[in-house]
Amino acid sequence: MHPTEKPVVPTRVIGLISGTSVDGIDAALVEISGTELDLKVELVAGATYPYPVELRERILAVGAGVAISMAELAEIDDAIAQVFAQAAQNIQIGHQPATLIGSHGQTVYHRPPKERAGEQGSRGREMLTTHGLNPSYLLTAHGTPLGYSLQLGRGALIAYLTNIATVSNFRVADIAIGGHGAPLVPRVDAYLLSHPQEGRCIQNIGGIGNVAYIPPRHSDWLSKIRGWDTGPGNSLLDLAVEHLSGGAKTYDEDGNWAASGTPCHQLVEQWLNQDYFHLPPPKSTGRELFGVTYLHQCLKDAQAYQLNPADVLATLTELTAASIFHSYRTFLPEMPQRVLLCGGGSRNLYLKQRLQLLLGSIPVSTTDEVGLSADFKEAIAFAVLAYWRHLGIPGNLPTATGAPQEVLLGEIYQGQF
Ligand SMILES: Nc1ncnc2c1ncn2[C@@H]1O[C@H](COP(=O)(O)OP(=O)(O)OP(=O)(O)O)[C@@H](O)[C@H]1O
Ligand SMILES: CC(=O)N[C@H]1[C@@H]2OC[C@@H](O2)[C@@H](O)[C@@H]1O[C@H](C)C(=O)O
């Protein structure tokens, strides 16, 4: 090391996220060193803390568009911050304490920016018009309507309750300059999972699916990285399982129920005609699109084919697999040499098998196999994003979010009280 170079001090950071499945708070306590190409992350501890049942139900209701008062919103915001702070405290038990928290919070609303006339996002403009506001307030410098994304669980309260500096609200800066504010994980994936010779797709299958395509690490590899939301991950499946089991189950464990049915390929083809799947990236989505209303339409369509419950689940699982495969074939400059899965859907063996079948000779495994926890990768990513914010390093990847430039992501709240 050159005598004037400062040694890079490893930093102990906590990453917190509850995703679109709203199944609980994923917490990762990590030791980070390096910055970008030399970035190293060691997972010291990872755990998922389920939401209190009543809070989960209220979050799902808000996410599904149920109207609530500002007073209730404030209550939910602080209840989420409290359980996130508790998760941060619990994950440190028995370990050296952290000096920084990156908290994604809980998404309750996501409206992508409208890029082109007639495409998704128009709902935002209509909403504003009906509320009597001037839609021009929403326009970017280029005249396109801005997106909007709301994550609850305010960072200031997490910082106060834990006495640890906290970075939160990671999406807003990217959205303010015209980006989608999502997906944000591809930049972290790029530095942790790139390979010198192998082009890789890192496919997260949470409530929503999203991909990061990372070309082999040649000279201009960074500019060739792509990322977008592929569509539904487990969101429709989970809702269908709950509906078809009369509330007895919340997800299809290992995909066993779906595996006992047969996918209806005509229906999958019909569903793949939906606009979102044909929209070119950058693109993002959420439960606003792939939620309860969408599932009801799917169930109605399934009646025409007289599908039994297992067939319905097999067909919805096929939609997730086929939408992932279809988006790679349509939007990637070249197919990857390997697909690495992460998120809860990577535990769905039937889904994994169906995706492997579609991808043929391209091997499908999980990020666990290359040393990065498939269960905690998103939480780890928000620890890294907080660390980058702390160091003044941008966190967005314009080729994934559609923002015109890189920006620092997140608001920092100091933790000395
Ligand atoms: N063993 C399993 N078999 C099948 N599905 C599983 C299994 N374990 C988890 N899942 C699925 O994964 C979902 C949770 O995934 P995850 O925690 O990655 O989602 P999320 O982080 O909420 O979503 P997002 O990435 O969209 O923000 C569950 O709701 C369930 O559908
Ligand atoms: C608005 C929002 O919370 N989006 C999530 C969601 O869950 C998956 C997909 O949709 C992705 O775009 C994003 O999360 C990950 C963490 C991301 O930003 O990379």
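I began with helix H6 (residues 185–193), which lies across strands S7 (200–205), S8, S9 and S10 (338–342). I read its direction at about 45° to S8. Here helices (H or I, at least four residues) and strands (E, at least two) are DSSP runs, numbered from the N terminus. My axes are lines fitted to C-alpha atoms, for helices over the stretch in contact, and angles run from 0 to 180 degrees between N-to-C directions. Contact means C-beta atoms, placed from the backbone, within 7 Å.

I noted that this is a predicted model: local features need pLDDT of at least 70, side-chain atom pairs count only at pLDDT 80 or more, and totals for chains, interfaces and linings use all residues. Residues are numbered from 1 along each chain as its sequence is written, while chains are lettered from A and ligands numbered from 1 in the order written.

I found five strands in an open sheet, ordered S9-S8-S7-S10-S11, with mixed pairing; a pair needs at least two DSSP bridges. S9 (226–232) and S11 (364–366) are the edge strands with a single partner each, so one side of each has no neighbour in the sheet. The twist averages 25° from one strand to the next.

I then checked S8 (residues 208–214), which runs antiparallel to S9 and is joined to S9 by six bridges. Ile-208 stands opposite Pro-232 in S9. Helix H13 packs on the sheet and touches S7, S8 and S9. Its direction makes about 150° with that of S9.

Notes. Contact = placed C-beta atoms within 7 Å.
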